[in-house]
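Please look over these notes with the model open beside you.

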Amino acid sequence: MSSKAHSGIGMTSEGTRQRLVRRLREKGIRDERVLEAVGSTPRHLFVDEALSSRAYEDTALPIGRGQTISQPYVVAMMTQAVMRDEPLGKVLEIGTGSGYQAAILALLADKVFTTERIGELQRSARQRFHRLGLHNVYTRHADGLEGWPSQAPFDAIVVTAGGRIPDKLREQLGVGGVLVAPEHAGLHQQLVRITRTETGFEREELGAVTFVPLLEGLD
């Protein structure tokens, strides 16, 4: 990222980002690679200017069209859940939104492919990636339930909306790959991690979360 992208005073300063990193560490984020990525990413550029003073609070914020930029802790937790000892190669994100989650992943993976069903959000996120020099992020205005079959298999898939996890997404994981997604559990959502093995899939629950719904089609 350029130094201009990092610049800021007050609530958008480097010191403010590092305070957020300390809060995430206190809440249990242990992967220093993830913490460094959060500390290097100017979250205030992913929200409306009127909300920039709140960008480094550990809370979700509206980004328009009924969507939100996720709470930093949740972004960090989901990112930590797909990390492994060796570097990530190809990562798929379902639900670009503001682009913040993809920007974090872009600092940790060779390539990030991200789909967004709302064209307006996809175009805005693509402009942010360009502004920040994140040339390893590839965006697509598409139905995320289909994934991105032509780029499969993926080392990791991150789903940023809650619902039933489509089988098509699981099948686009490489062996050893990990999918992290909020899955409906009755009236609530549970963040789950699914790992593809040589013989099938292993599932584990990571905790309760709240995300916007996972919808099909384009807007």
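1. This is a predicted model. Phe113 has 4% relative accessibility. The cut-off for buried is under 20%, so Phe113 counts as buried.

2. Phe113 has a ring partner in Tyr138. Their ring centres lie 5.1 Å apart, with the planes at 20 degrees, so the pair is stacked. Phe113 sits in strand S4 (residues 109–116) and Tyr138 in strand S5 (residues 137–141), so the pair ties together parts 25 residues apart in sequence. Tyr138 is partly exposed, at 34% relative accessible area.

3. Ring pairs also bring in Trp148 and Phe154, which form a cluster with Phe113 and Tyr138.

4. How many aromatic pairs are there by this rule? The count is four. One of them is Phe46 with Tyr100: centres 5.7 Å apart, planes at 70 degrees, so edge-to-face. Phe46 belongs to the loop between H3 and strand S1 (61–64), and Tyr100 to helix H5, so this pair ties together parts 54 residues apart in sequence. Both Phe46 and Tyr100 are buried.

5. Helix H3 (residues 32–40) buries Val34, Leu35, Ala37, Val38 and Gly39. Their cover includes helix H2 (14–26), helix H4 (72–82) and helix H5 (100–106).

6. Now the whole chain. It has seven helices and nine strands. For 219 residues, a compact globule would have a radius of gyration near 17 Å; the protein chain has 16 Å, which agrees. Of the 219 residues, 53% count as buried.

7. Charge: the protein chain carries 27 positive and 27 negative side chains, and the centres of the two sets are 5 Å apart.

Key. Residues numbered from 1 in each chain as written. Predicted model: local features only at pLDDT ≥ 70, side-chain atom pairs only at ≥ 80, totals over all residues. Heavy atoms only, no water. Helix = DSSP H or I, 4+ residues; strand = E, 2+ residues; numbered from the N terminus. Rg over C-alpha atoms; globule rule 2.2 N^0.38 Å. Buried < 20%, exposed > 50% of the residue type's maximum accessible area, 1.4 Å probe, protein only. Lys, Arg positive; Asp, Glu negative; His and termini not counted. Charge placed at Lys NZ, Arg CZ, Asp CG, Glu CD. Contact = heavy atoms within 4.5 Å. Phe/Tyr/Trp six-rings, centres within 6.5 Å; stacked < 30°, edge-to-face > 60°.
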